[in-house]
Amino acid sequence: MRNFTIYLALAACLFAGKVVAQETFESKARQIADKIEKITKDEKEALKIELEEVNKQFESGTITKAEADVKKKKLAEARALIIENKVAVSHEELKELVQQKVNGKILSSESNPNERDSIVLTGKKYKITYKVIDSTYIDVNGIRRKYNKRKKNGERRTTTQFVFAAGVNNLVTDKAVAHSDYRYWGSHFYEWGFTSNTRLFKNDNLLHLKYGFSVMYNNLRPTGNRLFVVNGDQTNLETSAVNLKDSRFRNVYVTAPVHLEFDFTKAKKNAEGKIIFRTHEGVRFGIGGYAGFRVKSKQILKFSDEGHDVTVKEKGGFNVNDFIYGVSTYLGYGATSLYLKYDLNPLFKDNAVKQNNISLGVRFDLN
């Protein structure tokens with residue numbers, strides 16, 4: 001009877017050990033799966049909050065659209081790296097768990113063969129398979145996920161930029177801007193658009209082809225209380241019958257600029273000794289041109305009438321050329337450049353005196 005009791009106790013211990021072992025393997029496998037799922041979920045939620053904050057900054061006007069895009073990209077890359085590093089730790093735990101199983105320290109469940117060597121992740125069951133390569137290495141398969149990694153080898157060969165430019169605007173008459181009929185500081189231009197910047201040589205950073213599209217706003221403010229008047233095929237400046245507080249003539253164009261850019265940003269070496277290329281971090285010089293079409297022309301007049309402020313907006317063709325083409329150049333450092341552009345065709349189609357638009361200002365190319 002005593003021997004039977006001893007054998008029964010030993011059997012109970014072995015059974016209990018086996019149960020504990022199988023519970024340990026299965027429970028730990030599920031714990032690892034839950035941990036991976038929680039890591040991804042938590043980091044995505046954190047990223048969502050960060051992106052909402054960037055959107056609020058953009059909506060309030062504290063940052064531009066390009067700056068918001070850059071911030072979002074950096075935040076996404078940072079969260080992806082955190083996920084990658086945390087999941088890597090969980091994968092090591094999974095390998096250790098399988099190693100213990102291979103060594104016979106943990107047994108699989110025999111009660112339900114369908115759940116043997118498997119874990120559940122995001123509602124899907126993944127089978128764990130393994131292969132002993134040698135005494136020190138185990139190849140574990142089953143869970144496969146892709147995570148974005150930060151690019152460590154510099155910029156891509158083609159990058160994109162948001163372009164914004166602003167400055168003074170005027171007309172060249174008889175090859176000169178002196179003694180202009182338009183205010184020098186009151187006449188101005190704006191330009192915004194997007195460009196692609198392609199490095200022309202694989203192993204040299206000097207030459208780039210820069211191309212894209214832009215929207216140009218060219219404004220002219222006549223001197224001497226004058227405004228534009230259309231007389232047949234001629235558009236002339238005439239003195240206003242009322243005292244004008246403001247007289248502004250605006251033309252809006254959509255253009256396709258193309259530049260050959262010389263970027264003197266120095267190449268660098270990464271930790272592995274590989275040469276990497278970046279743009280817009282040194283002296284840059286671009287030369288090229290643009291072509292496009294006119295979207296609209298508008299004359300805005302402001303004056304007082306019997307104590308009331310009056311604003312008159314006149315839309316029409318004003319005999320302005322429907323197409324535009326010209327040359328442009330810029331020189332600067334980093335993202336900021338001094339920018340000059342000149343229309344090769346005259347502003348008005350058939351005016352007796354040919355006048356070409358010219359603009360000088362500051363240009364920002366934001367990666």
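## The loop between β14 and β15

Phe318 sits in the loop between β14 and β15 (323–333). The phi of Phe318 is positive, near 55°, and the residue is not a glycine. Phe318 has a relative accessible area of 11%. It is therefore buried, a class defined as under 20% relative accessible area, with exposed over 50% and partly exposed in between (1.4 Å probe, protein chains only).

This is a predicted model: local features need pLDDT of at least 70, side-chain atom pairs count only at pLDDT 80 or more, and totals for chains, interfaces and linings use all residues. Residues are numbered from 1 along each chain as its sequence is written, and side-chain values use heavy atoms, leaving out hydrogens and water.

## Another positive phi

Most residues other than glycine have a negative phi. Lys175 has a positive one, about 65°, and is not a glycine. Lys175 belongs to the loop between β5 (158–173) and β6 (188–201). With a relative accessible area of 84%, Lys175 is exposed.

## Salt bridges

The whole structure holds 16 salt bridges. The criterion is a side-chain nitrogen of Lys or Arg within 4 Å of a carboxyl oxygen of Asp or Glu. One of them joins Arg294 and Asp322, at 2.7 Å from N to O. This pair links distant parts of the chain, 28 residues apart: Arg294 is in strand β13, and Asp322 is in the loop between β14 and β15. Arg294 is buried at 18% relative accessible area, whereas Asp322 is partly exposed at 33%.

Glu281 and Lys268 form another salt bridge, with their closest N and O atoms 3.8 Å apart. This pair also links distant parts of the chain, 13 residues apart: Glu281 is in the loop between β12 (275–276) and β13, and Lys268 is in strand β11 (residues 268–269). Glu281 is partly exposed at 37%. Lys268 is partly exposed at 47%.

## A salt-bridge network

Which residues are linked in a network of salt bridges? The members are Lys210, Glu261, Arg284, Arg363 and Asp365. Within it, the side chains of Arg363 and Asp365 meet at 2.9 Å, N to O. Arg363 is buried, with 2% relative accessibility. Asp365 is buried, with 0%.

## A positive surface patch

Lys296, Lys302, Lys313 and Lys315 form a patch of positive charge on the surface. Patch residues have over 30% relative accessible area and no salt bridge; like charges are joined within 9 Å, and nonpolar side chains (Val, Leu, Ile, Met, Phe, Trp, Tyr) within 5 Å. The place of a charge is NZ for Lys. Strands β13 (283–305) and β14 (308–315) each supply at least two residues of the patch. Lys296 lies in β13. Lys296 is partly exposed, with a relative accessible area of 38%.

## Helix α2

Arg79 is in helix α2 (residues 65–102). Arg79 counts as buried, at 17% relative accessibility. The side chain of Arg79 makes a polar contact with the side chain of Glu43 at 2.6 Å. A polar contact is a pair of N or O atoms within 3.5 Å; within protein, one must be able to donate a hydrogen and the other to accept it, and residues adjacent in sequence count only if both atoms are side-chain atoms.

Ala78 is also in helix α2. Ala78 counts as partly exposed, at 37% relative accessibility. The C-alpha atoms of Ala78 and Leu47 are separated by 9.2 Å, with the two residues 31 apart along the chain.

Key. Accessible areas come from the Shrake-Rupley method with a 1.4 Å probe; for residues, only the protein chains shown count as cover. Lys and Arg count as positive and Asp and Glu as negative; His and the chain ends are not counted. Helices (H or I, at least four residues) and strands (E, at least two) are DSSP runs, numbered from the N terminus.
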